[in-house]
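Colleague: I am new to this model. May I ask how each label was reached?
Modeller: Please do. Here it is.

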Amino acid sequence: MSLEYTEIPVVDWTLAQRDKPLFLTELRNAMINVGFLYLSNHPIPMDLVDKVIDLTPKFFELPQEVKNSIDMSKSPHFHGYLRVGGEANDGHPDTREQFNFGGDRTCRYEEGEPEYLKLHGSALWPEDAVIPGFRHTMLDYYQRLEDMSWEFTAYVSEALGLQPHELWSLFDPDRSKLQPRCKALRYPACPPGSSGSGLGITPHCDTGVLSYLLQASDQHVLQVQNHSGNWVSVPPSKGTFVINLGRALEKATRGVLPATMHQVISPPVGARYSIAFFSSLAMHIRIAEVKFDFPQEVWDMKKARDKRTGKDSEKEFEFTPKDYELAAELELDKKIKFHPLATMRYYPNLFDKYFPNGLPRLFTCPLIYCTY
Ligand SMILES: O=C(O)CCC(=O)C(=O)O
Ligand SMILES: [Fe+2]
């Protein structure tokens, strides 16, 4: 795989049944050398995928008051609706609307317990009468994605020469203590010459373990940065998921698997929709303390990649002090920074600590960014 790859590899899920060694080799190449792949022939029923694709635009077409009634500022668990510009990635407001949700979970927080226990809990849903079948379909989809994410992670484990379930140690064996996050997304059109950044979401790496993206409309706006710094298009491909890995997996594998920068440019015409499912670390994990014993051939592949990309492979993977903190604390830190309105309501002590000067300007004049 050259530095200048111009397309994303495709891995066929059913190949695992037909020729497991070939499947694992292809998966390993894609994961180590690119960090992004299409998963074809996946196990999620196509009629369910089609329903999700059909319902997602319908959700965003709901009257603004309905969407506002389930605004994220009303959720201690950071679920719910976010308007365009309602989330800022490193201070740059994204040009996208979102509906954030998770599977049904009971909030385990009680007075005196760590505040991060408030992160998990029931999602906010629109009334079924306004969008029939939405909640049921999205939860069915979520549940199946969750199952697939465990299976896929076991394959990645094997592809890296580990026991199938070793990477599962990043998760919690008690699934009720995990709540992967899912987002339905709408990127409004931003015609050339209009004001705004022209980006639906600015360049970033995901922070979790693995991300599973369904591109739900025919817009060629997702791009990934190859090792020479060029942006490569990841066009929608029917019947596939785009899978990429996040910083947590990069760190857990000491850089064997690279988290890859990606961005979404705003579509020039017509809105673009996608649905992203993020698997993330169990609350109790401290990423710097996780270690896997990879076989030499896996380290050799990493070294060969580093050589091509001009990185010093012999250098120990560097952890920051934050990597020794609990994953749950880091997740809460991120949510607090991104979502001051929910923080103000549900985490007042943290609000005072993080925002001593009150709400950031972006959140006091919400309409200045909301021109769509
Ligand atoms: O919508 C997409 O295509 C990508 C979304 C994404 O990268 C993210 O939400 O982290
Ligand atoms: Fe992302």
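Colleague: What covers the buried residues of α2?
Modeller: This is a predicted model. In it, the cover over the buried residues of α2 includes β1 (10–12), α1 (15–18), β2 (36–40), α5 (134–159), β12 (240–245) and α7 (296–309).

Colleague: Which residues of α2 are buried?
Modeller: F23, L27, R28, A30, M31, I32 and N33 are buried in α2. The label requires 20 or more other C-beta atoms within 10 Å.

Colleague: How do you know that the span of helix α2 agrees with what it should be?
Modeller: Helix α2 has 14 residues, 20–33. At 1.5 Å a residue it should span 20 Å. Its end C-alpha atoms are 20 Å apart, so the two agree.

Colleague: What follows α2?
Modeller: G35 does, with a positive phi near 90°.

Colleague: Which residues touch the most other members of the largest nonpolar core?
Modeller: L27, M31, L37, V156 and I275 do, in a core of 83 residues. α5 gives the most to this core, ten residues. L27 and M31 are also among the buried residues of α2.

Colleague: What is L37 in contact with, leaving aside its neighbours within four places in sequence?
Modeller: Its contacts are I8, P9, V10, V11, A30 and I243. A contact here requires C-beta atoms within 7 Å.

Colleague: Why is M72 called buried?
Modeller: M72 has 23 other C-beta atoms within 10 Å. The cut-off is 20 or more, so M72 is buried. M72 is found in the loop between α4 (64–69) and β3 (80–82).

Colleague: Which residues is M72 in contact with, beyond four places in sequence?
Modeller: F78, H79, G80, Y81, L82, N100, H339 and A342. M72 and L341 are 269 residues apart in sequence, yet 8.1 Å apart in space, C-alpha to C-alpha.

Colleague: Why does N41 count as partly exposed?
Modeller: N41 has 14 C-beta neighbours inside 10 Å. Exposed means 12 or fewer and buried means 20 or more, so N41 falls in between. Its place is in the loop between β2 and α3 (46–60).

Colleague: What makes the phi of N41 worth a remark?
Modeller: The phi of N41 is positive, about 50°, although N41 is not a glycine. Most residues other than glycine have a negative phi. R254 has a positive phi of about 50° too, and R254 is not a glycine either.

Colleague: Where does R254 lie, and why does R254 count as partly exposed?
Modeller: R254 lies in the loop between α6 (247–252) and β13. R254 has 17 C-beta neighbours inside 10 Å, so R254 is partly exposed. R254 and L213 are 41 residues apart in sequence and 24 Å apart in space, C-alpha to C-alpha.

Colleague: Which residues are around ligand 1?
Modeller: L185, I201, D206, L213, L222, H262, V264, S274 and A276. β13 (262–265) and β14 (272–279) are the elements that give two or more residues to this shell. By class, the shell has six nonpolar, two polar and one charged residues.

Colleague: What does the UniProt annotation say about residues 176–281?
Modeller: The unreviewed entry annotates residues 176–281 as "domain: Fe2OG dioxygenase". Over residues 176–281 the chain is 6% helix and 42% strand. The end C-alpha atoms of that stretch are 13 Å apart.

Key:
Residues numbered from 1 in each chain as written. Chains lettered and ligands numbered in written order. Predicted model: local features only at pLDDT ≥ 70, side-chain atom pairs only at ≥ 80, totals over all residues. Near = placed C-beta within 6 Å. Helix = DSSP H or I, 4+ residues; strand = E, 2+ residues; numbered from the N terminus. Nonpolar A, V, L, I, M, F, W, Y, C, P; charged D, E, K, R; others polar. Expected span 1.5 Å × (residues − 1). Contact = placed C-beta atoms within 7 Å. UniProt positions renumbered as here; feature names shortened; annotations may be inferred. Core = buried A, V, L, I, M, F, W, Y, C linked by C-beta atoms within 7 Å.
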